[in-house]
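Please read it alongside the model.

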Amino acid sequence: MAEEQKAKDVNRRTFLQVVASIPALGALAAFAAPLLRYLKPNLDPGLGVPQGRFPPDLIEGDLPRGEPLPIARVEELSEPWSSKFFVFTQKYPQYTPEQARAFTVPGVAIKLPWKVRFPGYREGKEPTDIVVFSRICPHLGCIFNYVPDWREITAGYGGYMPPPERRHGLLGCPCHLSIYDPADRDLPGRVLSGPAPRPPRYFVYEVRNEVIVVTAVEPGGIA
Ligand code: FES
């Protein structure tokens with residue numbers, strides 16, 4: 001009987017030892033996985049896309065960032081604070097081993113009553129009164145709104161009261177109430193309120209035959 005009890009105790013101890021080692025094994029696996037992944041990358045060197053599998057419109061050394069997209073005729077945005085919404089298809093071939101996976105980025109073009117230096121228009125060198133922003137919030141990626149009437153911002157976005165010189169169309173995120181000023185003269189898209197760490201990403205655009213054509217979006221993630 002004593003022998004039987006002893007055997008039971010040994011089995012129990014072994015079982016407890018195995019159970020106790022599970023977290024340690026898990027931690028080891030979590031530590032080793034990125035190292036193993038590093039040793040076997042899924043991208044070929046060079047452009048970062050699998051060799052011999054370029055999508056048709058990708059010329060070596062020239063990574064497309066999206067198909068040019070006509071979003072509005074200039075005359076459609078003739079009134080100050082008028083706007084146009086659109087969805088741009090962005091390609092990230094450098095980040096996608098499965099070739100040119102496309103992402104859609106909702107955007108908004110806004111006509112301002114004054115000109116600002118906007119980084120997406122002729123590289124920010126020439127002032128423009130049309131600004132074009134991604135609507136993906138730089139905080140945590142919600143899609144934010146363009147709110148032409150600032151009173152709606154005050155009523156529905158956490159009670160932010162803009163100072164008199166900013167009582168005009170603003171951008172407001174419903175998730176955590178970040179507010180942006182698309183018409184800030186020094187930094188279009190400036191964060192006025194809320195947790196957003198930076199202005200929304202801008203679109204690069206040009207005007208071709210009186211049509212606003214978006215060609216790319218500012219690189220980078222949401223924040
Ligand atoms: S996601 Fe927009 S404020 Fe948080």
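At 2% relative accessibility, Cys137 counts as buried (buried is under 20% relative accessible area, exposed over 50%, partly exposed in between, with a 1.4 Å probe and protein chains only). This is a predicted model, where local features need pLDDT of at least 70, side-chain atom pairs count only at pLDDT 80 or more, and totals for chains, interfaces and linings use all residues. Residues are numbered from 1 along each chain as its sequence is written, and side-chain values use heavy atoms, with hydrogens and water left out.

**Cysteines and the disulfide**

- Cys173 is also buried, at 2% relative accessibility.
- Cys175 is partly exposed, at 37%.
- A search of the whole structure finds one disulfide (a pair of cysteine sulfur atoms within 2.5 Å).
- Cys142 and Cys175 form a disulfide, with an S to S distance of 2.0 Å.
- The torsion about their S-S bond is about -90 degrees, so the disulfide of Cys142 and Cys175 is left-handed.
- Cys142 lies in the loop between strand 4 (128-134) and strand 5 (145-147), and Cys175 in the loop between strand 6 (170-172) and strand 7 (179-181), so the pair ties together parts that are 33 residues apart in sequence.
- Strands here are DSSP runs (E, at least two residues), numbered from the N terminus.

**The open sheet**

- Strands pair through backbone hydrogen bonds, either parallel or antiparallel.
- Three strands form an open sheet in the order 1-10-9, with antiparallel pairing (two strands pair if DSSP finds at least two bridges between them).
- Strand 1 (69-73) and strand 9 (203-208) are the edges; each has a single partner strand, so one side of each is left without a neighbour in the sheet.
- From one strand to the next, the twist averages 30 degrees (axes are lines fitted to C-alpha atoms, and angles run from 0 to 180 degrees between N-to-C directions).
- Strand 9 pairs with strand 10 (residues 211-217) over six bridges.
- Tyr205 stands opposite Val214 in strand 10.

**Nonpolar cores**

- The largest nonpolar core has 33 residues; Ile71, Ile110, Val132, Leu171, Phe203, Tyr205 and Val214 touch the most other members.
- A nonpolar core is a set of buried Ala, Val, Leu, Ile, Met, Phe, Trp, Tyr and Cys residues joined through side-chain atoms within 4.5 Å.
- Strand 3 gives this core its largest share, six residues.
- A second, separate core of eight residues includes Trp150, Ile153, Tyr160 and Leu192.
- Ile110 touches residues including Trp81, Tyr146, Leu171 and Pro182, not counting residues up to four places away in sequence (contact means heavy atoms within 4.5 Å).

How values were computed. Helices (H or I, at least four residues) and strands (E, at least two) are DSSP runs, numbered from the N terminus.
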